[in-house]
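Please read this briefing alongside the sequence and the three-dimensional view.

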Amino acid sequence: MLMMFMTMLDSDEEKQKITTLYELYCNLMLKVAFSVVRDYDLSNDIVQDSFYKIIKVIDNIDDVYSKRARNLVVIIVKNTAINELGRRNRAIMLDFDEVSDLKDDHVEPDDEVINSFVLDQIPKKIKQLPPKYRDVLQLKFDCEFSNVQIAEVLGISQELCRKRLQRGRQLLLKSMKEGELM
Amino acid sequence: MRNDFEKNVANAISDQIDEELVQIEDELKNLGYDEDFFKMKSKTDKQIRHHINQANKNTVHRHWSIARIAASIILVIVIGFSVPYITVEAFRTTFNEFIVNVFDTYSVVIFENDDTQDEVTYIDENSVYVPSYVPDGYVEVENNVDEFVNFVVYENELGYKIHFSQQIINEVGNFIDTENRIIENIDTIFGEMMYAQKTERMDAFVTFTYDGYVFYIDVDNLSKDELVKVAESITNEVVENAQNE
């Protein structure tokens, strides 16, 4: 009986967490979706789809009031909206990552690169990074998602997710190295 | 464990998201959209909340299956030691109490088609039902009909809502949220209805089958008599008009 009580308590807490998350962010999600698709009904559908994705990764959210939770919600809804818009417009969106292999200019964050001067440059360099790379980096570094989870919430393949992570990291490090030399 | 590089990247992206959200707010404001515009549609809101309940219920059931196995083992051990000291009747009582404890909170409602009636597979314009009675002060604020669901929302000036839905029997999930609700079967002009009310407030629903459909009426704040009155008032206006002519 104690075990049953404990499991129910867990579930109630989880239910409360999901409900709170929804109530906190549903309006924000609607705004983000609307800013992409400019259609109220479609934005509602996107929020709904996004929320189902969020439920799947709810275990990764410790504090629903945290910036991390808010960022996750924003990234998921924005990407769902972009995917939906692309699908509806039947646009042939050839992603550079999907049609080309990575160049051999692989850059690793080593001690030479990672010094305080370079770390200070990150905010500026992040602004120059295309959003699709920012999103995967954020989910990886902040939410500590696995590639499988990132692929699922962003609606992309695991291979594409891996490439975006690698390319995003490369672009960032490369631009920081260049900045350091200048 | 994240290193300094990853932490700094995450913080910088978070700041970037802050900026983007401010830009979105400004842009939407400049385009003339106010806060009221960005409220979820009732139907979507309802579906999401329903999904939250279902998702939670799935978790509970998964946990329970483990709990049931554990509890069964404990029960068998306890009974094994107790058999020499208890009667068959005592054993049956203990076992029944155990089963009731496990199942009494989470109800599963299964709707079945009447074998004597042709199965209804869709909703068309001739088969739409709506309540002909809603309490004073309530007005229709949303109405959606598609092949599988007819959904109408009424709201009064205090913001209390009545959600009415008509669905095809096969389209209705078997789980109905009865957690923390007092359940009662009531006789009405349409036969037996299931009435469920939250224990702590006037949040209630009725559900019943009629003419091959499942009807579900959910209210925020309405007495049982009023809710039943709404439920009993459902009419198919097309049929009604044809009969009157």
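Read along the sequence, chain B runs α-α-α-β-β-β-β-β-β-β-β-α-β-α, which amounts to five helices and nine strands. Helices (H or I, at least four residues) and strands (E, at least two) are DSSP runs, numbered from the N terminus. The model is predicted: local features need pLDDT of at least 70 and side-chain atom pairs count only at pLDDT 80 or more, while totals for chains, interfaces and linings use all residues. Residues are numbered from 1 along each chain as its sequence is written, chains are lettered from A and ligands numbered from 1 in the order in which they are written, and side-chain values use heavy atoms, with hydrogens and water left out.

**Chain B**
- Of its 245 residues, 41% are buried, where buried means under 20% relative accessible area, exposed over 50%, and partly exposed in between (1.4 Å probe, protein chains only).
- Among contacts in chain B with a separation of 6 or more, 54% join residues 24 or more positions apart; a contact means heavy atoms within 4.5 Å.
- Chain B has an accessible surface of about 14000 Å², and carbon and sulfur atoms hold 50% of it; such areas come from the Shrake-Rupley method with a 1.4 Å probe, and for residues only the protein chains shown count as cover.

**Chain A**
- Chain A has eight helices and zero strands.
- In chain A, 51% of the 182 residues are buried.
- Residues 24 or more positions apart make 75% of the chain A contacts with a separation of 6 or more.
- Chain A exposes about 9200 Å², with 53% supplied by carbon and sulfur atoms.

**Helix packing between the chains**
- Helix H6 (residues 131–141) of chain A packs on helix H1 (residues 4–30) of chain B at about 125°, with axes 9 Å apart.
- H6(A) and H1(B) are therefore oblique to each other; angles under 35 degrees count as roughly parallel, over 145 as roughly antiparallel, 65 to 115 as roughly perpendicular and the rest as oblique.
- Residues in this contact include A:Arg134, A:Leu137 and A:Phe141 of H6(A), and B:Phe5, B:Val9 and B:Ile13 of H1(B).

**Two loop residues with positive phi**
- A:Arg38, which is not a glycine, has a positive phi of about 55° and lies in the loop between helices H1 (2–37) and H2 (40–56) of chain A.
- At 37% relative accessibility, A:Arg38 is partly exposed.
- A:Glu144, also a residue other than glycine, has a positive phi near 55° and sits in the loop between H6 and helix H7 (147–154) of chain A.
- At 45% relative accessibility, A:Glu144 is partly exposed.

Notes. Axes are lines fitted to C-alpha atoms, for helices over the stretch in contact, and angles run from 0 to 180 degrees between N-to-C directions.
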